[in-house]
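Please look over the sequence and the model shown here before reading on.

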Amino acid sequence: MPASALLIGASIASLNLCTDEYLLLLARRDEIASVSFLSQDPEESPLWRIARRHPANRGSIEDVLTLRPDIVLTMSGGGRATRLLAQRLRIRPVEIRSAATLEDVASNLRTVAAALGEPKRAQPWLDRLAQIQRASPATTKDAMWLSGGGATLAAGSVGTQWLRLAGLEQRALPGGRASLETLLVRPPAVLVWSQYRSAQVSSGMRWLDHPIVRAAKSRRLTTDGRPWTCMGPLMIGEIERLRGAAR
Amino acid sequence: MTRTAVLLIAALVLLMMLHLVMPVAPLLELQRTDPDLGTLLVTQIRLPRTLLAAGYGVVLGMTGAALQAMFANPLASPDITGSSSGAALGAVIGAYWFGIVDPLALAAFGATGAGLALAGLLLLAGRRSDTATLLLAGVAIALAAGAATSLLLALAPSPFAFYDSFEWLMGSFVDRSLPQAAAALIPAGLACGLLLTRARALDLMALGEDVAASLGYPPRRVGLEVVALSAIAVGACVSVCGAIGFVGLIGPYAARRISGGHPGQALVPAALIGAILVVGADLAVRFAPAGRIIPVGIVTTVVGTPLFIWLVVGMRRKLTS
C-alpha cells in the first residue's frame, strides 16, 4: 500500500490565509478541519463563502487542537515553533513555501494534494498553470500595478511574473513605489488598479484620489486585489481575465 | 527688528524656492522636452507641498507665540498643550469613523479636536497656572489624545489605517493636492490674520490682566479668542498634514528674543521662524533613501528636544537660584 493512501480521509487544519487558498481549492469539505479567520472575510479572500463552512482559527495551533486534525498546514518561514509544537501534539506539520516564483505555486499545489493523500488532485490546476504559461503573449505592454499609497510590485517578484502572463510588463520603480511625478511625467501604457479594500479609508486610498493619479494618461484595468496577497493558484483566473481585458 | 524681519523673509523665500525646485533634474529635463508638463509638475505636485510646509510653519509659530502669551508660559505650544494631538484625533474620527472625505469638513473636525483639547487644558490647569501644572495637564491631554488616535486607527475598518498613525502623529507633506492645501491654508490664514489683530491685547496682558482689561481688552474674552483661533488654524493644518511637534515651541522662543520679550510683537517673527523651520525640515526629509518616507515631525522633534530640555533646565535653575 502506498504511504499516501494511509492519509486518505485525513483532516487538515490550515493556519494561514495563503495555505487556506490551496486547501480550499484542493480538499473535499470533510477533509478540512479549520481555516484561518482571514479566509472567511470577504475583503480578504474570494473563497470566503466556502471558507465559512468550516471552523475558523486565528493562526494558532491552540485554536485547532480541540478539532483534532491529523495535519496542520502552515507557511514556511514562520519560525519553527508551530512545527515543533505540532509534532509534540502528534499532529503532522506540512509546510508550503511563500510563493516567490510560479514554480513555487506548482510545488505548493503538489505538496497540499500529496498531504491530502491524492497527488492527482493538483493536476487540473497544474494543467491550467502550464496552459496559461504556454499561451503567454509574445509582446508585453509597459504597465504599473497600483495599490494604496502608490504601492506596486517589486521588480523580479512573483507578482511581476504573473503580470507578464497577462501581457503586461511591470515597470521597475525605485523603492517599489509609484510616485506622483512618475505618473505625471512618464505614465505607463496600462495601470492595473488593485481594488483591495478600496472602499475603506486610509491615507493610501486618499493618495489614489489625488488629482494627478486620477488624471494619469494610462489605460486603466481594475483587478481584484485579494488574490495578489498570496499570489497563489487563484491568480490563474485573475490573469486570464486581465489578459482578455489588456488586449 | 525690521532688519531681522527682512532677513527672515529673505531666508524663508530662499528656502521655499529651494523646496519648490528640488530635486531639480526632472524639472530641467522637462524644460527641454515638455515645458507644459514641467509647469504641471511644479503647480500640481511641488507647489502644494511647499505652500503647506510654509503655511503650517506660520501657523505653528504664530499660535505657539499667542498661546505662550495667553498662558504667560514659554512652554505653551500647540503640541505641548495637546491641541495638535487633539486635532489629529478629531480628524481621524472624521475621516476613518464618519467617512468624511471633503478636506474642509475634515478641517472642521480637526479644529473641533484642537478646541476641545485646549478647553480641557484650561479646565485642568487654568489660564494662569504654574509651569508644572500646565506641562503635566498638557502632556496628559497629548498622550491621551495620541493613544486614542492610535486606538481608533487600529480599530478602523481598513487594516492599513493603523500604519497611518505614524503620519497623523508625526506629520507629512508628501503628495498633498492643491485642494487639500487650500482646505488647510485658507481657514488657517484667516485665523492667523485675526490672531494678528489681537497682538496689542497680548502685549497688554503681559503687563497684567487688569491693565489689559482697563484698556478695553477683557482677558477672558481675549483668551477665548486666542484658543478658538489657534484651534481653527492648528486643526485645519493637522487635518491635512498630521501633527508636527516642537516648531510651536522653538519659533516663539527665538522670536521673543527678537521682539525684546513683547509677546504680541513676537507673533510675526515666530510665524516666519516657524515657516523656516518646517520648510527646512521638509527639505531634509527629501534626502531619505528612495521609497522610504520619513515624517517631517521626526526632524523637528529631533531638533526641538534638546531646546526643550534646555528650556526646562533653565527654568528649574531660575526656580532654585
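Two strands are said to pair if DSSP finds at least two bridges between them, and helices (H or I, at least four residues) and strands (E, at least two) are DSSP runs, numbered from the N terminus. This is a predicted model, in which local features need pLDDT of at least 70 and side-chain atom pairs count only at pLDDT 80 or more, while totals for chains, interfaces and linings use all residues. Residues are numbered from 1 along each chain as its sequence is written, with chains lettered from A and ligands numbered from 1 in the order in which they are written.

**Sheet of chain A**
- In chain A, an open sheet of 5 strands has the order β3-β2-β1-β4-β5, and its pairing is parallel.
- Because β3 (56-57) and β5 (92-96) of chain A stand at the edges with a single partner strand each, one side of each is left without a neighbour in the sheet.
- Strand β1 (residues 12-14) of chain A runs parallel to strand β4 (residues 71-75) of chain A and is joined to it by 3 bridges, with A:Ile12 standing opposite A:Ile71 in β4(A).

**Helices across the sheet**
- Helix α4 (residues 81-88) of chain A lies across β4 and β5 of chain A, at about 155° to β5(A), where angles run from 0 to 180 degrees between N-to-C directions and axes are lines fitted to C-alpha atoms, for helices over the stretch in contact.
- Helix α5 (residues 102-115) of chain A lies across β1, β4 and β5 of chain A, running at about 160° to β5(A).

**Interface**
- Contact (C-beta atoms, placed from the backbone, within 7 Å) links 19 residues of chain A with 21 residues of chain B.
- On the side of chain A that touches chain B, α8(A) gives the most, with 4 residues.

Definitions and conventions. Two residues are in contact if their C-beta atoms, placed from the backbone, lie within 7 Å.
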